[in-house]
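Morning, everyone. Let me put the model up, and then we will go through its cavities, its cores and a couple of residues.

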Amino acid sequence: MGIQGIELDSLFSTLTEILNSETSFEHKAEQVLTLGAETLGVDHAHLTRIVPESDYWEVIVSTDPVDGAYPVGETADLQTTYCRRTLEREEPLAIHDAPNQAWSNDIAYETHELNTYLGTTLQHEERPIGTLCFVDKTARSEPFDATAIAFVDWLTSMLLSEFKLQEQDFAVESYTRLVTIFSRILRHNLRNDLMIIRGQMDILIEKLEEPDTDPTQLRTTINRLIRLVEKSKELRQIAEQDSTLVEQTVTALIEEHIEAVKTEYPTAMISLTTTEDVRLLAFPSLQTAIYELLENAVKHSGEDPKCTVRIESDPDVVTIDIADNGPGLPVHEQSALEGELGTPINHNTGVGLYMVWWVVKSHNGTIQVSVTETGTTVTISIPRPMSNRELIERPRNESRAE
């Protein structure tokens, strides 16, 4: 018994239309499963998520009602299901009369009492991530034919891409929720506690005639921890704000940050070399990266900090060189510019540069570091999106306000 007599072209057209519709994955998959079950002549169909390593099996889309045997959200031990056998096969597992096909002693039949089962595996990068199952309590008089099996194979391939996107969205949502919770706890609790510690420490130091510890070192350490908390806030802001490219005048942006760094470090000498007002479509976080590089260059250049900034631009890329006269960027801070935070001992000193890496990579840009006896030069290159080309020729008074 198969699906003879059905207009396959019309069926595939309907299914394709459902999968291409602008609706949720769950709604599309439920429609596909319902039509698939009707086509195969079985009671129900289920799409499951599985984790073989932990024998996890969960129904994520189902034609069963909420009070049915296998509604959405139903979980089970994978080892008690026919699906475990599906994972072992390259072709679909087709059972039309379990007792008469030597399945009566199988744990799946004993547990679920399903006489009919037709299932396939959904795989991603050669790893099973789910199954598509068509089931019935009643046995069939004839086996599923080749057309029915091919039909289920086709449904599986069509659902797989949608399923992978759903799994990715689920993972991103879970990760984002976790990061949000942790970030709030870190910013609120840690910062408040450090502020209290700093205040109490100052009071205690004033009461001690000859303190055994260096109060300057204590204050520096606590201030560094507070700054680390603030950096975590900046990281979150970058993640939240970087969704739309906006037009920015890179020259004016750097000039603004040069003045801000000079205010914080009055002895610093910072020069800027450029041949034009360079304009670029970029994410708002670009200014964070520029400030971090300028501040880092000046902060670590000793008592007489000197820094030179050079901007070069062509139709394809904007390049910014920031050179200092310091002792050289330490290896662990160079690793931060490669996307690594380093060892637990020194991880807090590289957070700002890690943000630079994050911002540049979000623009599909590159970072180069050159350390010599005379100092360090960090070069960031930001490629222009295709829409940037018009900014080069457009008159200055036609650009949007910064």
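First, what counts as a cavity: on a 1 Å grid over the protein atoms alone, a cavity is a set of points where a 1.4 Å probe fits but cannot get out, and lining residues have an atom within 4 Å of a point. Grid points are joined across faces, edges and corners, and a volume is the space filled by probe spheres set on the points.

Two ground rules. This is a predicted model, in which local features need pLDDT of at least 70, side-chain atom pairs count only at pLDDT 80 or more, and totals for chains, interfaces and linings use all residues. Residues are numbered from 1 along each chain as its sequence is written, and side-chain values use heavy atoms, with hydrogens and water left out.

So, the cavities. There are two of 30 Å³ or more. For the classes, Ala, Val, Leu, Ile, Met, Phe, Trp, Tyr, Cys and Pro count as nonpolar, Asp, Glu, Lys and Arg as charged, and the others, Gly among them, as polar.

The second largest cavity holds about 60 Å³. Around it sit Leu293, Asn296, Ala297, Ile322, Asp324, Leu329, Thr376 and Val378. Helix H8 (286-299), strand E11 (317-324) and strand E13 (375-383) are the elements that give two or more residues to this lining. H8 gives the most, three residues. Here five lining residues are nonpolar, two polar and one charged. Helices (H or I, at least four residues) and strands (E, at least two) are DSSP runs, numbered from the N terminus.

Stay on H8 for Asn296, which lies in that helix. Asn296 counts as buried because its relative accessibility is 13%. The cut-offs: buried is under 20% relative accessible area, exposed over 50%, partly exposed in between, with a 1.4 Å probe and protein chains only. Leaving out residues up to four places away in sequence, Asn296 touches Leu329, Glu333 and Leu353. Contact means heavy atoms within 4.5 Å.

Now the cores. A nonpolar core is a set of buried Ala, Val, Leu, Ile, Met, Phe, Trp, Tyr and Cys residues joined through side-chain atoms within 4.5 Å. The largest has 37 residues, and Ile270, Leu294 and Ile320 have the most contacts inside it. Elements supplying at least two residues each include helix H7 (250-264), strand E10 (306-313) and helix H10 (351-362). H8 gives the most to this core, eight residues. Beyond its neighbours within four places in sequence, Ile320 contacts Val250, Ile254, Ile290, Val309, Arg310, Val378, Thr379 and Ile380. Apart from this core lies another, of 28 residues, with Ala37, Ile60, Leu118 and Ala148 among them.

For contrast, take Glu17, in helix H1 (residues 8-19). Is Glu17 buried or exposed? Exposed, because its relative accessibility is 59%. Lys28 is eleven residues from Glu17 along the chain, and their C-alpha atoms are separated by 9.7 Å.

Last, the overall picture. The protein has eleven helices and 13 strands. Of its 402 residues, 42% count as buried. Among contacts between residues at least 6 apart in sequence, 64% join residues at least 24 apart.

Note on methods. 1 Å grid on protein atoms, 1.4 Å probe; cavity = no way out; pocket = protein on both sides within 12 Å on 5 of 7 lines; lining within 4 Å.
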